[in-house]
Amino acid sequence: MGKTGGFLEYDRCDNTCIPPEERIRNFDEFHVPLPRKERQQQAARCMECGVPFCQAGVMISGMMSGCPLHNLVPETNELVYRGNYEQAYLRLAKTHSFPEFTGRVCPALCEAACTCGYVKESVTTRDNERDIIEYAFEHGLVDDKPPAARSGKKVAVIGSGPSGLACAQLLNMRGHEVTVYERFDRPGGLLRYGIPNMKLDKRIIDRRIEVMQNSGIVFKCGINVGVDVSAEDMLAEYDRVILCCGASQPRDISAPGRDGDGIMFAVPYLREVSKRIMDSDYDYAAVISANDYSFGSLDGRNVIVIGGGDTGNDCVGTSIRLGAASVVQIEMMPPAPVERAASNPWPEWPKILKTDYGQEEAIYCFGHDPRIYSTTVSEFIRDKNGHLTGVRTVKLERRISDDGKVSFDHVEGSEEVLPADLVLIAAGFLGAEKYVTDAFKVDVTDRGNVAAPVGDTGTPGYGSSRERVFTAGDMHIGQSLVVRAIAEGRAAAAAVDESLMGYTNLRD
């Protein structure tokens, strides 16, 4: 595949990144695609490696290695190298529902497992796929026609995040009448209201939703199933219901002073900013200068972000754009090693230290990395009127017992007080929101996800404990990646289709 010896002839070249000093002035995407000729050279680096680990999508040491969608990576790279973008799109569309989303927000599991990356730098597969889908939209290749025939079956998808959208797309292709329910005002789930605009422009989501609507999928927004509509009414109206509501129950921080203003969970914070961007028709000046957010204005204020993951990083970048005087990111874990440890060999996901866009911007703005490792908050400090003024932190020492259990002990004498006007909690999620699982009376796991029995062949199940109710995405597997959610939605669609028709041709 690709050009013989291409990985020796061409060095890896990523999309151009707009410098921090420019990009923090707005909420636009900041990666600029390479010219098409250079993109073809990057695709030429994909070598005939024999075993394409990039498309394996298997769990190794508890981590996903390779693409869970099983995209035909060497084949699409070959077609891009040859300049045959139409066939590259058709090949990619066989396994992937939304390359325009993963091409922007996926951590590129395919690249981490790339054979070329074992000895040199991996192939730019994520950017190649983004280029393919953008070409497809530019040239009218993305099909938005309704199916030729309808099955007479009605399906409701609850939740319009990546798993719900993928599930709806495939079931509609099979001829079922699909209605997607979303509790917020616009479809997209965490794609729209959990990922900032500078990572995924919401007009990219709108473009895909328009394609799905043209193909016959109905979206009903502003309806909270389980509150506004009962589960029993849904089951009375639809032949199947698929729960794709995500794992949106946030993990809280328990410390003195937690109650009161000045403390928010990360996703509501990001959602509020994203909604303001869309409601203002992308008037960034108005978004940045607004002082009527629920948290007020960040101009000149100190922000503390608790959590070192992607969402925490997004809070850092968003706060900088809103004019924060300082941003500190607190992480309870120690920093990852700069290079792979011997216990973390290829093709496992590399557990190494990475500096993401938000941290890069903080370094530019404040002169230092915003991350404080091996630290937790022991107290939220308030003045006599109850207003947040700071946080008391304490260092943590990580211990591993003889039986492998990990614990964290406070380091005596390590306390420090940091000024804070706003604290954003980005400490992860604990599972599906209980009111939805209670409404549908489905069994849940110990982690709060919908329990779905494993199939006879050992493959994951997508049917719940309640007849005609299925599940997919984070609501099924817990907090994970957009690409895994899309794979979940596609697999659940096949299970639902088979339950309706007695067979399915939706499995890849």
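Biologist: Which residues of α9 meet R207, R208 and V211 in α12?

Modeller: This is a predicted model, in which local features need pLDDT of at least 70 and side-chain atom pairs count only at pLDDT 80 or more, while totals for chains, interfaces and linings use all residues. Residues are numbered from 1 along each chain as its sequence is written, and side-chain values use heavy atoms, with hydrogens and water left out. Helices (H or I, at least four residues) and strands (E, at least two) are DSSP runs, numbered from the N terminus, and contact means heavy atoms within 4.5 Å. On the α9 side, the residues that meet R207, R208 and V211 of α12 are I133, E134 and F137.

Biologist: How do the residues of the contact of α9 with α12 divide by class?

Modeller: Ala, Val, Leu, Ile, Met, Phe, Trp, Tyr, Cys and Pro count as nonpolar, Asp, Glu, Lys and Arg as charged, and the others, Gly among them, as polar. On that basis, the contact of α9 with α12 divides into 3 nonpolar, no polar and 3 charged.

Biologist: At what angle do α9 and α12 pack, and what word describes α9 and α12 to each other?

Modeller: Axes are lines fitted to C-alpha atoms, for helices over the stretch in contact, and angles run from 0 to 180 degrees between N-to-C directions. The axes of α9 and α12 (residues 202–214) are 13 Å apart, and the packing angle is about 55 degrees. Angles under 35 degrees count as roughly parallel, over 145 as roughly antiparallel, 65 to 115 as roughly perpendicular and the rest as oblique. With an angle of about 55 degrees, α9 and α12 are therefore oblique.

Biologist: Is α9 enclosed or open, and how many of the 14 residues of α9 are buried?

Modeller: Buried means under 20% relative accessible area, exposed over 50% and partly exposed in between (1.4 Å probe, protein chains only). The buried residues of α9 include I133, E134 and F137, which also meet α12. Helix α9 is largely enclosed by the rest of the structure, because the number of buried residues among the 14 is 12.

Biologist: How far apart are the end C-alpha atoms of α9?

Modeller: The expected span of a helix is 1.5 Å times one less than its number of residues. For the 14 residues of α9 (residues 125–138) this gives 20 Å, and the model agrees, because the end C-alpha atoms are apart by 20 Å.

Biologist: Is α10 roughly parallel or oblique to α12?

Modeller: The axes of α10 (residues 162–173) and α12 come within 11 Å and cross at roughly 30 degrees. That makes the orientation of α10 to α12 roughly parallel.

Biologist: Which residues of α12 make the contact with α10?

Modeller: The α10 side of this contact is made by L165, A168 and Q169. On the α12 side, the residues are R208, I209 and M212.

Biologist: Is N224 buried or exposed?

Modeller: N224 lies in the loop between β7 (218–221) and α13 (231–237). Leaving aside its neighbours within four places in sequence, N224 is in contact with R183, V229 and Y435. Because its relative accessibility is 19%, N224 counts as buried.

Biologist: What is the relative accessibility of R45?

Modeller: R45 sits in the loop between α3 (36–44) and β3 (58–60). Not counting residues up to four places away in sequence, R45 touches several residues, among them F7, Y10, D11 and C116. R45 counts as buried, because its relative accessibility is 0%.
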